[in-house]
Amino acid sequence: MTNEEAFEFNTASHPFHCNEKKPIEIYRFIDPICPECWALEPIMKKLQIEYGQYFKIKHVVSGRLAMLNLGRKQKYENIAELWDKTGSRFGMSCDGSLWLENPISAPYLASIAIKAAELQGRKAGIRFLRKLQETLFLEKQNISTLEVLQSCAESAGLDVPEFISDIHSNSAAKAFQCDLKITSEMDVSEIPTLVFFNENIEEEGIKITGNYPYEVYVQIIEEMLQEQPVKSNPPPLEVFLKHFHLVASKEISVVYNKTVQEVERELKKLQLKQLVEKVPAKYGTFWRYLPESQ
């Protein structure tokens with residue numbers, strides 16, 4: 001199997017559009033406005049590419065909404081500081097000044113919007129979630145407004161009228177309530193959290209909260225499989241960029257086991273060929289694959 005074929009195999013096995021049975025299921029508890037969830041993206045991409053044939057992911061939207069209910073200036077200043085620290089530490093930029101200039105007033109709407117997008121299929125749901133995060137963390141747009149959510153849906157290739165209708169539907173509200181119930185039943189109090197389950201329903205899952213080195217997640221998969229999994233190689237860089245469209249230097253660095261400096265030297269070559277464009281951010285750099293180069 002070539003690198004490119006391996007990549008197609010793994011991305012085809014993405015949990016949002018795969019029905020084949022796999023030995024491991026990962027419950028990934030997320031919050032659309034959580035910077036630590038965003039910071040986990042590089043590791044999740046690497047895990048999906050290298051070992052995606054062994055697991056499927058169930059995204060559970062679990063908002064820490066209580067922390068925003070006060071709405072005080074001091075509270076927003078604390079959130080802004082947390083965002084900037086997270087962006088600086090992990091290289092996945094998130095600009096905390098959003099909370100001082102245009103704070104998110106209705107974060108629950110973004111959570112329900114994710115469930116509305118998922119009603120169009122798991123693949124649509126994950127595209128929408130990623131676009132939502134890019135819009136929030138990079139573009140500093142307030143994702144608690146219908147106008148911004150609709151723009152995200154358009155960019156993610158969703159059926160927009162259906163999406164808008166579903167946001168106000170009982171189906172999306174019930175799906176979100178179900179996610180909150182799962183969060184409570186699994187005693188998840190911090191985000192992000194991953195819970196790994198194997199095929200033996202009698203065994204308890206392995207819960208891991210926060211951001212850990214990549215090797216920790218691989219070790220859990222090995223323990224659950226009780227065998228050494230076969231690792232798939234990443235695809236050629238251009239294939240990776242074309243598939244994900246917009247990625248951070250940090251994401252490429254983690255997936256390809258290179259320093260950010262090495263990655264950016266390669267990307268500048270692709271920039272000269274007009275295959276990608278540089279997207280500056282407050283912390284780190286992002287790269288957009290140019291549609292005309294496809």
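Two residues are in contact when heavy atoms of theirs lie within 4.5 Å. In this predicted model, residues 24 or more positions apart supply 70% of the protein chain's contacts with a separation of 6 or more. The protein chain holds 14 helices and seven strands. Of its 294 residues, 53% are buried. The protein chain exposes about 14,200 Å², and 48% of that comes from carbon and sulfur atoms.

**Four-stranded sheet**

- Four strands form an open sheet in the order β2-β1-β3-β4, and the pairing is mixed.
- Strands β2 (55-61) and β4 (206-209) are the edges of this sheet, each pairing on one side only.
- On average, neighbouring strands of the sheet are turned by 20 degrees against each other, direction ignored.
- Helix α10 (residues 170-185) packs on the sheet, where it touches β1 (24-30) and β2. The direction of helix α10 makes about 105 degrees with that of β2.
- Four bridges connect strand β3 (residues 193-197) with β4 in the antiparallel sense.
- Leu194 has Ile208 of β4 standing opposite.

**Strand β7 and its partners**

- Strand β7 (residues 285-289) is largely enclosed by the rest of the structure, because four of its five residues are buried.
- Strand β6 (residues 276-280) runs antiparallel to β7, and five bridges join the two.
- Strand β5 (residues 246-248) also pairs with β7 in the antiparallel sense, over three bridges.
- Trp287 of β7 is the bridge partner of Lys278, and Trp287 also stands opposite Val247.
- The hairpin of β6 and β7 has four residues between the strands. In this hairpin, Gly284 takes a positive phi near 75 degrees.

**Aromatic pairs**

- A ring pair is described by the distance of the centres and the angle of the planes.
- Rings pair here if their centres lie within 6.5 Å, and planes under 30 degrees apart count as stacked. The count by this rule is nine aromatic pairs.
- Trp38 and Phe286 are a stacked pair, because their ring centres are 6.1 Å apart and their planes stand at 5 degrees.
- Trp38 belongs to helix α2 (residues 35-39) and Phe286 to strand β7, so this pair ties together parts that are 248 residues apart in sequence.
- Trp38 is buried, with a relative accessible area of 0%. Phe286 is buried as well, with a relative accessible area of 0%.
- Trp83 and Phe137 form a tilted aromatic pair, 4.9 Å centre to centre with 50 degrees between the planes.
- Trp83 lies in helix α4 (residues 73-90) and Phe137 in helix α7 (residues 122-137), so this pair ties together parts that are 54 residues apart in sequence.
- Trp83 and Phe137 are both buried.
- Trp38, Phe286, Trp83 and Phe137 are among the members of a cluster linked by ring pairs, which also includes Tyr76 and Trp99.

**Charges over rings**

- Lys45 has its charged end over the ring of Phe244, at 4.7 Å from the ring's centre.
- Lys46 has its charged end over the ring of Tyr214, at 5.1 Å from the ring's centre.

Key: Residues are numbered from 1 along each chain as its sequence is written. This is a predicted model: local features need pLDDT of at least 70, side-chain atom pairs count only at pLDDT 80 or more; totals for chains, interfaces and linings use all residues. Side-chain values use heavy atoms; hydrogens and water are left out. Buried means under 20% relative accessible area, exposed over 50%, partly exposed in between (1.4 Å probe, protein chains only). Two strands pair if DSSP finds at least two bridges between them. Rings of Phe, Tyr and Trp (its six-membered ring) pair if their centres lie within 6.5 Å; planes under 30 degrees apart count as stacked, over 60 as edge-to-face and the rest as tilted. A charge sits over a ring if NZ of Lys or CZ of Arg is within 6 Å of the ring centre and within 35 degrees of the ring normal. Accessible areas come from the Shrake-Rupley method with a 1.4 Å probe; for residues, only the protein chains shown count as cover. Axes are lines fitted to C-alpha atoms, for helices over the stretch in contact, and angles run from 0 to 180 degrees between N-to-C directions.
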